[in-house]
Amino acid sequence: MTFDSLGLAAPILQAVAATGYTEPTPVQARVIPEALAGRDLMVSAQTGSGKTAAFMLPALQRLTVPHAAHGRGPRVLVLVPTRELSAQVTKAAETYGRAIARLRTVSIVGGMPYPAQNRLLQMGVDILVATPGRLLDQMQSGRVDLARLEVLVLDEADRMLDMGFKDDLDAIVARVPASRQTLLFSATLDPAIVKLAGAMLREPSRIEMQTARTRHDHIEQRLHLADDQGHKNRLLDHLLRDTGVNQAIVFTATKRSADEVALDLHAKGFAAAALHGDMNQGARTRTLQALHRGRLRVLVATDVAARGIDVHGVSHVINYDLPRQAEDYVHRIGRTGRAGRSGTAISLVNAREHAQVRVIERFTAQAIPVTVIEGLEPRVRSFAKPAGPSRRPPGRSSGRPSGKPAGRSFRQGR
Ligand code: ADP
Ligand code: MG
């Protein structure tokens with residue numbers, strides 16, 4: 001299958017070719033023709049499957065012809081949960097739209113100073129990428145006119161619901177033209193998402209690619225049992241000294257521990273920095289740029305801040321703390337193994353987190369093998385007994401390539 005067969009216009013095909021993509025990903029092959037036909041869609045596909053281009057290319061297709069009505073308001077609106085994702089989607093719009101004349105893409109997110117944002121909006125916009133809260137703010141002060149809107153995209157709709165944007169979404173959608181096309185993307189189509197779609201989409205076609213539960217076979221997952229935080233720090237230090245680590249994202253549970261771990265690594269000589277929601281936008285942007293440019297080797301981040309990070313050099317994801325939600329585990333490990341590469345995801349797990357390992361294993365239907373590093377063995381080498389009857393993870397107990405540890409067995413040394 002090639003991009004040429006999907007019905008995309010020449011300027012878009014030209015930009016896609018310049019990007020270096022040779023064929024559409026499966027979700028793109030399914031979504032693009034239906035979106036071009038004008039249908040409403042609700043789509044689930046795993047992280048890293050190419051959903052951005054799946055909605056952006058057909059949306060851009062509309063912008064290859066001028067709008068009948070004059071005006072400054074956007075013709076395409078993409079709602080996203082976080083600033084980082086907004087930056088990424090904005091960049092994608094610019095990349096895929098570079099052969100379309102006079103295309104203006106604007107990003108409106110919280111934390112950005114109002115005067116600059118107001119100026120951007122005044123200059124007119126074709127594609128608006130926004131987080132719901134700030135957009136609603138700007139709509140209420142009359143700075144965004146959605147009368148010309150043709151396409152509404154909800155990207156990472158599951159995450160927007162998780163983050164409490166439901167009311168904002170309702171308020172925004174109530175004020176966009178009923179004639180619009182709506183495209184909803186989510187990692188999973190769980191009941192809350194289907195309900196949201198029921199209220200916002202018209203006779204949508206439902207496209208379910210492999211969901212977040214899919215095996216991430218291109219990502220090697222393993223875990224190390226840790227006695228305490230000091231042990232976690234020693235394990236982390238050891239893991240990061242491996243020359244096989246090109247770049248790593250280390251996830252912590254809190255902003256404070258992100259700062260602490262980043263400082264500690266920095267003191268040990270690693271090119272490391274923190275990324276979390278308490279940092280101002282300028283600092284966040286600079287940190288992400290440093291990661292993109294390879295000047296930063298280790299990013300220590302919280303879940304929300306790391307959402308949507310797409311840096312091909314990230315070879316390793318390390319869970320310093322396990323996420324509270326199993327979905328977040330899948331999103332975290334999806335930060336590595338981008339664009340067809342392989343990746344490694346390592347979790348450092350203390351006794352308090354054992355139960356959470358089981359929740360994650362049930363969610364992904366995969367057992368995460370335990371590995372031991374010589375010299376850094378944990379005092380307690382087995383999992384705490386789960387309460388109640390034994391609950392084996394539902395996945396195959398062994399799915400690793402030969403030579404890798406299987407299931408719950410321990411491998412000595414490395
Ligand atoms: P998702 O939103 O599904 O998590 P993204 O849209 O962020 O995934 O895409 C993941 C990565 O795949 C990006 O680096 C993107 O540039 C790359 N990508 C997207 N489409 C293609 C394609 N057709 N061929 C090769 N790489 C692609
Ligand atoms: Mg995405």
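First, the conventions. Residues are numbered from 1 along each chain as its sequence is written, and chains are lettered from A and ligands numbered from 1 in the order in which they are written. Because the model is predicted, local features need pLDDT of at least 70 and side-chain atom pairs pLDDT 80 or more, while totals for chains, interfaces and linings use all residues; side-chain values use heavy atoms, without hydrogens and water.

Now the cavities. A cavity here is a set of points on a 1 Å grid over the protein atoms alone where a 1.4 Å probe fits but cannot get out; lining residues have an atom within 4 Å of a point. Points are joined across faces, edges and corners, and volume is the space filled by probe spheres set on them. Searching the whole structure gives 3 cavities of 30 Å³ or more.

Helices are DSSP runs of H or I, at least four residues, numbered from the N terminus. Helix 13 (303-306) and helix 14 (326-333) each give at least two lining residues, and helix 14 has the largest share, with 3. By class the lining has 6 charged residues (Asp, Glu, Lys, Arg), 2 nonpolar (Ala, Val, Leu, Ile, Met, Phe, Trp, Tyr, Cys, Pro) and 1 polar (the others, Gly among them).

Next, helix packing. Axes are lines fitted to C-alpha atoms over the stretch in contact, with angles from 0 to 180 degrees between N-to-C directions. How do helix 3 and helix 4 cross? The axes of helix 3 (residues 51-63) and helix 4 (residues 83-96) come within 10 Å and cross at roughly 50 degrees. That makes helix 3 oblique to helix 4, oblique being whatever is left after under 35 degrees (roughly parallel), over 145 (roughly antiparallel) and 65 to 115 (roughly perpendicular). In contact, meaning heavy atoms within 4.5 Å, are T52, A53, F55, M56, L57 and L60 of helix 3 with V89, A92, A93 and Y96 of helix 4. These contact residues comprise 9 nonpolar, 1 polar and no charged.

The axes of helix 5 (residues 114-122) and helix 6 (residues 132-140) come within 12 Å, crossing at roughly 70 degrees. Helix 5 is therefore roughly perpendicular to helix 6.

Notes:
On a 1 Å grid over the protein atoms alone, a cavity is a set of points where a 1.4 Å probe fits but cannot get out, and a pocket is an open set with protein on both sides within 12 Å along at least five of seven lines; lining residues have an atom within 4 Å of a point.
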